[in-house]
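Please read this briefing alongside the sequence and the model shown below.

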Amino acid sequence: MSNENSKLPEEIVEYQLEKYALELETDGLTIVPPEVTGISEEFIDACVEVLLAKFTEMTGCPISLANGPEAELEWPEGENNLLAGAGAPDPTQMLIQQLLQVDRHFRDLCVNPVVDALINLMMGELSFPSGRGIYSRAKNRRLSSTNSFIKWQGDYGYGENLGLHCDQGANPLPWGHTALTANATWCLTDYTEEDGALAYVPGSHKSNAHPGPTARNQAVPAVCPKGSVIVWPGSTWHGAYPKKTPGLRLNAVAYYRHQAVLPQENLSVTMKNEPWSDCDNPDLLKELIGFDDKFPYLEQTQSIPKVAAAS
Ligand SMILES: [Fe+2]
């Protein structure tokens with residue numbers, strides 16, 4: 001397929017991502033294998049090591065891929081479950097947030113050109129007047145947050161309905177074709193239903209609506225080997241299966257937003273004094289964080305006229 005004959009962005013053609021672009025269009029989710037993203041097994045293993053050490057640093061609890069947490073955990077009083085609601089059992093999952101600050105490996109994942117091309121495809125570009133009749137174009141995708149879900153064995157999942165939801169659900173309906181948020185979940189362990197994989201409803205993004213009560217019956221697991229990345233727009237219905245097997249299900253999630261959407265983490269503030277430029281593509285990460293965005297501003301940005309000097 002030549003770019004001249006299609007409206008696909010150049011980089012989709014350049015990286016031969018037409019198959020994944022088509023799956024995003026038809027199924028509302030695609031799984032890209034490591035041989036396409038160029039992520040090595042050593043890289044994934046290094047991510048795992050960093051996350052296990054970070055978990056122990058944060059909780060005081062040793063942890064291993066084979067066994068999960070190696071001591072009993074006690075959760076703080078209050079609401080600890082993301083989606084299961086009050087009265088649910090203690091979670092068997094912990095979220096490590098602000099991955100961009102944790103290690104360069106996660107910054108490198110966020111500037112992976114293959115994933116960036118797919119996210120850009122879903123969020124598109126903005127054309128805006130830049131003076132004297134000249135129009136500039138800018139890509140809409142920005143990072144919203146970066147997290148790792150550390151998930152271990154337990155009946156706790158997101159409940160009977162698998163916690164099916166749309167990530168862009170906070171945005172008012174009706175939604176259009178442009179993704180308002182998007183998710184790139186890098187699988188650091190194999191994803192199977194028994195191991196607590198992501199659940200999703202193929203084609204659900206076309207409804208442009210929240211999941212109904214029977215959505216659970218249409219859900220399927222996103223099954224893939226370690227090193228794959230699962231990509232989907234914020235309109236796709238998704239949740240997760242409980243982890244029935246011993247050990248850990250690990251991921252690193254790059255969560256994106258359209259530039260018109262509020263971020264989960266205020267990255268242009270939190271990353272200001274962090275080593276954001278220490279990554280494979282500092283210019284791209286700078287753009288994704290939104291360091292040069294006009295909004296939201298922190299001070300007066302428009303010119304101020306002054307009383308003219310007396311002539
Ligand atoms: Fe979600």
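Strand β8 (residues 181–187) and strand β13 (residues 248–258) run antiparallel and are joined by seven bridges, where strands are DSSP runs of E with at least two residues, helices are DSSP runs of H or I with at least four residues, and both are numbered from the N terminus. Two strands are said to pair if DSSP finds at least two bridges between them. This is a predicted model, in which local features need pLDDT of at least 70 and side-chain atom pairs count only at pLDDT 80 or more, while totals for chains, interfaces and linings use all residues. Residues are numbered from 1 along each chain as its sequence is written.

**The six-stranded sheet**

- β8 and β13 belong to an open sheet of six strands, which has the order β1-β11-β8-β13-β7-β4 and antiparallel pairing.
- The edges of this sheet are formed by β1 (30–32) and β4 (93–97), each of which pairs on one side only.
- Neighbouring strands of the sheet are turned by 25° against each other on average, with direction ignored; axes are lines fitted to C-alpha atoms, for helices over the stretch in contact, and angles run from 0 to 180 degrees between N-to-C directions.
- Strands of a sheet pair through backbone hydrogen bonds, either parallel or antiparallel.

**Strand β8 and its partners**

- Within the pairing with β13, the bridge partner of Trp-186 is Ala-252.
- β8 is also joined to β11 by five bridges, and these two strands run antiparallel; here Ala-184 stands opposite Val-231 of β11.
- Seven of the seven residues of β8 are buried, so the strand is largely enclosed by the rest of the structure; a residue counts as buried if 20 or more other C-beta atoms, placed from the backbone, lie within 10 Å of its own, as exposed if 12 or fewer do, and as partly exposed in between.
- Thr-181, Asn-183, Thr-185 and Cys-187 point one way from β8, whereas Ala-182, Ala-184 and Trp-186 point the other way, and all of them are buried.
- In a regular strand the side chains alternate between the two faces of the sheet.

- Strand β7 (residues 141–152) pairs with β4 in the antiparallel sense over five bridges, with Gln-97 having Asn-147 as its bridge partner and Gln-93 standing opposite Lys-151.
- Nine bridges join β7 to β13, again with the strands running antiparallel, and Arg-142 stands opposite Arg-257 in that pairing.
- Eleven of the twelve residues of β7 are buried, so this strand is largely enclosed by the rest of the structure.

**The three-stranded sheet**

- Three strands form an open sheet in the order β10-β9-β12, with antiparallel pairing.
- β10 (220–221) and β12 (238–240) stand at the edges with a single partner strand each, so one side of each is left without a neighbour in the sheet.

**Helices α2 and α7**

- α2 lies across β1 and β11 (229–233), running at about 155° to β1.
- Helix α2 (residues 18–27) also packs with helix α7 (residues 113–123), at an angle of about 40° and with the axes 11 Å apart; that makes α2 oblique to α7, since angles under 35 degrees count as roughly parallel, over 145 as roughly antiparallel, 65 to 115 as roughly perpendicular and the rest as oblique.
- The contact is made by Tyr-20, Ala-21 and Leu-24 of α2 together with Leu-118, Leu-121 and Met-122 of α7, where two residues are in contact if their C-beta atoms, placed from the backbone, lie within 7 Å.
- α7 is mostly covered, with nine of its eleven residues buried, among them Val-114, Asp-116 and Ile-119.
- Gly-124, which follows α7, has a positive phi near 70°.

**Leu-118**

- Leu-118 is found in helix α7, and it counts as buried because it has 30 C-beta neighbours inside 10 Å.
- Leaving aside neighbours within four places in sequence, Leu-118 is in contact with Leu-17, Tyr-20, Ala-21, Leu-24 and Val-231.
- The C-alpha atoms of Leu-118 and Pro-76 are separated by 39 Å, and the two residues are 42 residues apart along the chain.
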